[in-house]
Amino acid sequence: MYYSEELIEEIRSRNDIVDVISGYVRLQKKGSSYFGLCPFHNEKSPSFSVSRQKQMYYCFGCGAGGNVYTFLMEYENFSFVEAVKYLADRAGIELPEVEYSKEAKEKADLRASILEVNKLAAKYYYVQLKSERGRAAYTYLKDRKLSDETITAFGLGYSNKFSDDLYKYLRKKGYSEELIRQAGLINTDEKQGVYDKFWNRVMFPIMDVNSRVIGFGGRVMGDAKPKYLNSPETPVFDKSRNLYGLNRARTSRKPYFLLCEGYMDVIALHQAGFTNAVASLGTALTPGHASLIKRYVREVYLTYDSDDAGTRAALRAVPILREAGITARVVRMDPYKDPDEFIKNLGAEEYEKRIGEARNGFLFSIDMLSRDYDMGSPEGKTAFFRETARRLMAFEDELERNNYIDAVASEYGVRKESLEKLVAKTAVSAGLAKPVVRPRRAEGKEKQKEDGTLTSQKILLTWLIDDASLFGKISSLVTPDDFTEDLYRTVAHLLYEQRENGELNPAKILDHFTGEEEHREVAALFNTRIRELKTKEEREQALKETILRVKSYSIDYRTLHLAPTDMAGLQRLMEEKRKLEDLRKLHISID
């Protein structure tokens, strides 16, 4: 759905960010801003700042930042459209109606009907569990140490032994056979006719992130096969793009998910206080799962079964998560099979310790690789390191690759330089990019100089936001094009444009950027920590030094990137250098 920029801005301006965030975080006024404990990472001292003037928030601890839309997208895991709808409703603003095509309307109606049938089926299964028919299933769950509160929270149920029980119930409620079939709740064959897909099973409703029932998992009571049975793919259920327990885990404030294999593992972990546990739905982890996970966290602890199958599943999951930009760690539960069994025997505290001891996913895969080689023989070790070098090439980022080379070399008793050479040789043989080369000292110094200059640019942008009286002085000496980073330059252009129109609306500037990381970076530009300047003279000196650094580096940067034949450009830069020398002698006063 497309909403105009004017409407988006009206909705944002009608929802004061302090008022909205106060509904989630306890804020206290300090100076011109409000501070509280950051909801995006664990902290003891408040570093989460909310500015009514800027209509922005920023955490000086973890770097989370943005406007009121960004906050809801991060905290509630809303899409942008969902955030717009929520805030429009909060402000009493009526959004334009969505116009569907006939085909789209039919699909939307079918999805709504299936969700309705699933919800009714889940209620039916829950009632059956609490009835005399469900006594055995209820006893099974209690024997698995589940409390009544947990059973209710996850909506667990029972499909009884009559193989057409649910079908008859839903038909009496007025639902067609075709709809019940499309919901994946019945099957048909020549011998039995219509029969329920699930019967004599403990039922696990599968919910989407909005807690709508999209499917079911059923654990058989007895020895029948399969032991676990899931709903088929339907218009509302795609098992490769949904995770069991995500509707509850997404509200956890932990910065990582515990990724399990089964329903009972998730439920046992939640009951033990680990409310960030999720599981894939009877299938191996897919890129779709990884993309879904990345909406909520950037780190995953794989807590799969301890057997060979669980180890293989973890090894397959690690590169899938890494490809999605998610760090993976592996939790081992030896001598127990899975999280459920581990917690029953050793308790939550010991499980927390295992999380703390979790192995980095890549290093875990190297550990498992070493078991395939005779590490006691020179030939075996050589073959092992060759395969390790091939895997190290998967890290495109030079710094990350170097760090892993360091870690592997240290752990397996080989010189780092030797492993670097082997990675380089392997890369050349494979026709890939040249290996990592250590930067020379001069290059390191240049990097430090560049970082210091970027900090000066950030300080200047923060000053432009915080003190309206400085705009005239800064803008006469520094232009938006003097900001050398693309993002900084874009922000400066937007900010200068606002100032020249007599406006100051930092939150509106954020609407020009769509990515979460961009929102964080822009919020950081407007919230740079500036050392305390007590006197007017100190402020004037600091402002002058900052302008000089920004201007000097801008000239050097543009000179370095000037085309050799651009004589007019060279003359302009020479004139700017002359003015820079005049600027050094100039006194910049602050009224």
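How many bridges pair β10 and β11, and in which sense do the two strands run? In this predicted model, the two strands are joined by 3 bridges and pair in the antiparallel sense. Within this pair, R219 is placed opposite Y228 of β11. Packed on the sheet is helix α5, which touches β6, β9 and β10 and whose direction makes about 35 degrees with that of β10.

The sheet that holds these strands is open and consists of 4 strands in the order β6-β9-β10-β11, with antiparallel pairing. Its edges are formed by β6 and β11 (228-230); each has a single partner strand, so one side of each is left without a neighbour in the sheet. On average, and with direction ignored, neighbouring strands of this sheet are turned by 35 degrees against each other.

Helix α6 (residues 135-143) also has contacts with this sheet. The buried residues of the helix are A137, Y140 and L141. These residues lie on the same side of α6 because they cover an arc of only 95 degrees around the axis. Their packing partners are α5 (102-129), α7 (148-153), β6 (157-159), β9 (201-207) and β10 (213-220). The face turned away from the buried side of α6 carries R135, A136 and D143, which are exposed. After α6 comes K145, which has a positive phi, near 70 degrees.

A second open sheet contains 5 strands, arranged in the order β1-β2-β3-β4-β5 with antiparallel pairing.

For helix α11 (residues 263-271) and helix α14 (residues 339-346), the axes come within 8 Å and cross at roughly 35 degrees. On the α11 side the contact is made by M264, D265, A268 and L269, and on the α14 side by P339, D340 and I343. Sorted by class, this contact has 5 nonpolar and 2 charged residues, and no polar ones.

Individual residues complete the description. E9 belongs to helix α1 (residues 5-13). Is this residue buried or exposed? E9 counts as buried because its relative accessibility is 14%, which is under the 20% limit. When residues up to four places away in sequence are not counted, E9 touches N505, K508 and D511.

The cysteines were considered last. A disulfide is a covalent bond between the sulfur atoms of two cysteines. The structure holds 0 disulfides. C62 is therefore in no disulfide: the nearest cysteine sulfur, that of C59, is 3.8 Å away, whereas a disulfide requires sulfur atoms within 2.5 Å. With a relative accessible area of 29%, C62 is partly exposed. C260, in contrast, has 0% relative accessibility and so counts as buried.

Conventions:
Residues numbered from 1 in each chain as written. Predicted model: local features only at pLDDT ≥ 70, side-chain atom pairs only at ≥ 80, totals over all residues. Heavy atoms only, no water. Axes fitted to C-alpha atoms, helices over the stretch in contact; angles between N-to-C directions. Contact = heavy atoms within 4.5 Å. Nonpolar A, V, L, I, M, F, W, Y, C, P; charged D, E, K, R; others polar. Buried < 20%, exposed > 50% of the residue type's maximum accessible area, 1.4 Å probe, protein only. Arc of directions from axis to C-beta. Pairing = 2+ DSSP bridges.
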